[in-house]
Amino acid sequence: MSARDNIFAKLRAANATPLAEPQTRFSSRAWAGRLAMSERTLLRLVKQDTGLSFARWRQQVQLLHALLQLAAGKSVQQVSMDLGYESVSAFI
């Protein structure tokens with residue numbers, strides 16, 4: 001695998017992992033560690049791929065997840081719990 005292919009593989013992993021685990025509230029440093037890359041590399045790759053900061057992108061992932069779950073009929077309470085909020089009011 002070339003260096004360029006390795007970067008693209010990390011970028012795909014950086015974007016896919018939080019999508020699969022939207023309830024996980026790890027920091028960018030923790031996600032970077034899970035993906036075996038530096039935090040700076042993760043932040044740069046997410047910004048390049050999405051045009052958003054990591055924090056804003058993660059917020060958008062959670063919002064999309066919530067909307068999909070609500071549209072599927074889950075209660076607001078269940079969605080808030082699924083996303084790791086301590087209370088429904090914190091989620092709302």
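A residue counts as exposed when its relative accessible area is over 50%, and as buried when that area is under 20%. Anything in between is partly exposed. Ile 92 has 75% relative accessibility, so it counts as exposed. Keep these classes in mind for what follows. The model itself is predicted.

Start with the overall layout. The protein chain has six helices and zero strands. From the N terminus on, its elements run α-α-α-α-α-α. The chain has 92 residues, and 27% of them count as buried.

The largest nonpolar core has ten residues. Its members are Trp 31, Ala 32, Leu 35, Met 37, Leu 42, Leu 45, Val 46, Phe 54, Trp 57 and Val 61. Three helices each supply at least two residues of this core: H2 (28-34), H3 and H4 (54-71). In soluble globular proteins, nonpolar side chains tend to be buried together.

Now take H3 by itself. Helix H3 covers residues 39-50, twelve residues in total. From first C-alpha to last it reaches 16 Å, close to the 16 Å expected at 1.5 Å a residue. Which residues of H3 are buried? They are Thr 41, Leu 42, Leu 45 and Val 46. Viewed down the axis of H3, these buried residues fall within an arc of 125°, so they line one face of the helix. On the other side of H3, Arg 40 and Gln 48 are exposed. After H3 comes Gly 51, with a positive phi near 80°.

The loop between H3 and H4 holds Ser 53. Ser 53 has 38% relative accessibility, so it counts as partly exposed. Ser 53 and Leu 43 are ten residues apart in sequence, and their C-alpha atoms are 7.0 Å apart.

H4 comes next. Its 18 residues should span 26 Å at 1.5 Å a residue, and its end C-alpha atoms are 26 Å apart, which agrees. The buried residues of H4 are Phe 54, Trp 57, Val 61, Gln 62 and Ala 66. H4 is followed by Gly 73, whose phi is positive, near 105°.

At 39% relative accessibility, Ser 27 counts as partly exposed. The C-alpha atoms of Ser 27 and Arg 58 are separated by 9.8 Å, although the two residues are 31 apart along the chain. Arg 25 lies in the loop between H1 and H2. Arg 25 is partly exposed, with a relative accessible area of 42%. Its C-alpha atom is 9.9 Å from that of Gln 62, 37 residues away along the chain. Gln 62 is one of the buried residues of H4.

Charged pairs come next. Side chains of opposite charge can pair when their charged atoms come close. How many salt bridges does the structure hold? There are two. In one of them, Arg 29 pairs with Glu 39, and the closest N and O atoms are 3.7 Å apart. This pair links distant parts of the chain: Arg 29 is in helix H2 and Glu 39 in helix H3, ten residues apart. Arg 29 has 60% relative accessibility, so it counts as exposed. Glu 39 is partly exposed, at a relative accessible area of 28%.

Asp 82 and Lys 74 form a salt bridge too, with the closest N and O atoms 2.6 Å apart. Asp 82 is partly exposed, with a relative accessible area of 24%. Lys 74, at 34% relative accessibility, also counts as partly exposed.

Finish where the text began, with Ile 92. This residue lies in the segment after helix H6 (88-91). Where does its side chain belong on the surface? Ile 92 forms a nonpolar patch there with Leu 70 and Val 76. Together the three have about 270 Å² of accessible area.

Technical notes: Residues numbered from 1 in each chain as written. Predicted model: local features only at pLDDT ≥ 70, side-chain atom pairs only at ≥ 80, totals over all residues. Heavy atoms only, no water. Helix = DSSP H or I, 4+ residues; strand = E, 2+ residues; numbered from the N terminus. Expected span 1.5 Å × (residues − 1). Buried < 20%, exposed > 50% of the residue type's maximum accessible area, 1.4 Å probe, protein only. Arc of directions from axis to C-beta. Patch = residues over 30% accessible without salt bridge, like charges linked within 9 Å, V, L, I, M, F, W, Y side chains within 5 Å. Areas by Shrake-Rupley, 256 points an atom, 1.4 Å probe, with all protein chains shown as cover. Salt bridge = Lys/Arg side-chain N within 4 Å of Asp/Glu carboxyl O. Core = buried A, V, L, I, M, F, W, Y, C linked by side-chain atoms within 4.5 Å.
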